[in-house]
Every structure is written in structure tokens, then in C-alpha cells.
Amino acid sequence: MSTATRGRPPAPVPGRPPASGSGRPSVFGVLTALVGVFLLYLTVPGVGPAVRAARADGVPGHFTAREVTCVRHPGHESCTWTGEFRSGDGTIHRRGVALYGSDRESLRPGQVTAAVDVGRPYRVYGPGGSREWVFTALLLAAGLGLLAHPFVRARRGA
């Protein structure tokens with residue numbers, strides 16, 4: 001440091017706002033963190049079931065198809081079979097559950113297929129599990145990123 005610049009604040013960098021020095025996040029930063037907390041609030045309870053569904057870790061049994069329900073979107077149709085689930089040992093019998101990953105062509109009324117109950121209230125899964133954990137992981141990462149972003153930014157600016 002030369003004697004001419006000693007005691008003076010550093011010159012501002014072009015294109016970058018000067019640091020406030022307070023180290024506190026802005027109002028936008030606080031709102032960003034709140035959105036992150038909300039995403040975590042929605043996502044965290046579903047982490048356990050998503051992992052169990054991915055691994056098909058639950059009570060094995062059989063799903064009996066009763067009815068297919070379809071929703072049409074522009075250029076796309078999404079169908080799901082609903083029916084009943086009965087555990088292999090006969091202790092669990094649930095009606096009105098959907099078989100995750102089923103579509104219009106995968107079953108027909110009255111057809112029985114292997115399924116696993118992972119504890120979701122209205123859904124059972126095939127023995128191969130599911131990939132819905134990917135969406136859950138993305139939401140979890142987004143929530144953590146939004147929560148941390150204003151604080152990391154405030155720390156860098158301090």
C-alpha cells in the first residue's frame with residue numbers, strides 16, 4: 001500500500017455497488033430466504049416417503065385395478081389406475097388408492113399386479129420403486145439454496 005492511499009477507503013469497482021458494510025441481508029434477501037423456508041416446509045415431510053418409494057421399501061402386496069382416470073393437457077394425456085391394495089399377509093386392505101406410474105395401457109379392470117405400500121395415504125408403488133425422489137431432491141436443493149443465498153451474499157459484501 002502506498003502512502004498516497006493509506007487511510008482512504010478502496011476505490012469502488014465499476015459495475016459493482018459499494019458494500020454497505022452492515023453485513024445484513026436486504027429486504028429482497030429476506031424475502032428470498034422466506035421463500036426458501038416455505039419450499040423446505042413443503043418438501044422435508046416428503047423426503048422419507050420419497051426415499052422409501054424409490055427403494056420400494058414398504059409392505060408388499062397386490063394392487064387390483066378398478067378404474068382408470070385420465071387428464072388431458074395440450075398434446076399430452078396423463079392416466080392413473082385406481083383400485084385397491086391388499087398386503088401379502090392380508091392385514092392391510094385399502095380402497096381408492098392409485099398405482100404410481102400406471103397409465104391407460106398398463107392394466108385393465110380387475111387385473112392384479114404386485115405393489116408396495118410405503119405409507120402414502122392415496123398411493124402405492126410397483127415393486128421397481130419410483131423416481132419421484134428426483135423432484136423432491138430438486139425442491140430440497142432449491143429451498144436450501146434460496147435460504148442460504150442472502151446470507152452468503154451479505155457475508156461476501158461485508
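Reader: Which residue is the bridge partner of His73 in β2?

Author: This is a predicted model, where local features need pLDDT of at least 70, side-chain atom pairs count only at pLDDT 80 or more, and totals for chains, interfaces and linings use all residues. Residues are numbered from 1 along each chain as its sequence is written, and side-chain values use heavy atoms, with hydrogens and water left out. Strands β1 (residues 59-73) and β2 (residues 76-87) run antiparallel, joined by 12 bridges. Within β2, His73 has as its bridge partner His76.

Reader: What is the order of the strands in the open sheet?

Author: Strands here are DSSP runs (E, at least two residues), helices are runs of H or I (at least four), and both are numbered from the N terminus. Two strands pair if DSSP finds at least two bridges between them. The open sheet has five strands with mixed pairing, in the order β4-β1-β2-β3-β5.

Reader: Which strands are the edge strands?

Author: An edge strand here pairs on one side only. That applies to β4 (112-117) and β5 (123-124).

Reader: What is the angle between the planes of Phe38 and Tyr41?

Author: Rings of Phe, Tyr and Trp (its six-membered ring) pair if their centres lie within 6.5 Å; planes under 30 degrees apart count as stacked, over 60 as edge-to-face and the rest as tilted. The count by this rule is two aromatic pairs. Phe38 and Tyr41 form a stacked pair, 6.5 Å centre to centre, with the planes at 25°.

Reader: Why are Phe38 and Tyr41 separated by about one helical turn?

Author: Both residues belong to helix α1 (residues 27-43). The separation is about one helical turn because Phe38 and Tyr41 are three residues apart in that helix.

Reader: Is Tyr125 buried or exposed?

Author: Buried means under 20% relative accessible area, exposed over 50%, and partly exposed in between (1.4 Å probe, protein chains only). The rings of Tyr100 and Tyr125 form a tilted pair, with centres 5.2 Å apart and planes at 40°. Tyr100 counts as partly exposed at 32% relative accessibility. Tyr125, at 0% relative accessibility, counts as buried.

Reader: How many residues apart in sequence are the parts tied together by Arg94 and Asp117?

Author: A salt bridge is a side-chain nitrogen of Lys or Arg within 4 Å of a carboxyl oxygen of Asp or Glu. Arg94 and Asp117 form one, with the closest N and O atoms 2.8 Å apart. Both residues are buried. Arg94 lies in strand β3 and Asp117 in strand β4, so the tied parts are 23 residues apart in sequence.

Reader: Which residue forms a salt bridge with Glu132 at 2.9 Å?

Author: Glu132 is buried, at 13% relative accessible area. The side chain of Glu132 meets that of Arg120 in a salt bridge (3.2 Å, N to O). For the bridge at 2.9 Å between the closest N and O atoms, the partner of Glu132 is Arg123.

Reader: Within what arc do the buried residues of α2 fall?

Author: Helix α2 (residues 47-55) has as its buried residues Pro49, Ala50 and Ala53. The arc is that of the directions from the helix axis to the C-beta atoms. The buried residues line one face of α2, because seen down the axis they fall within an arc of 100°.
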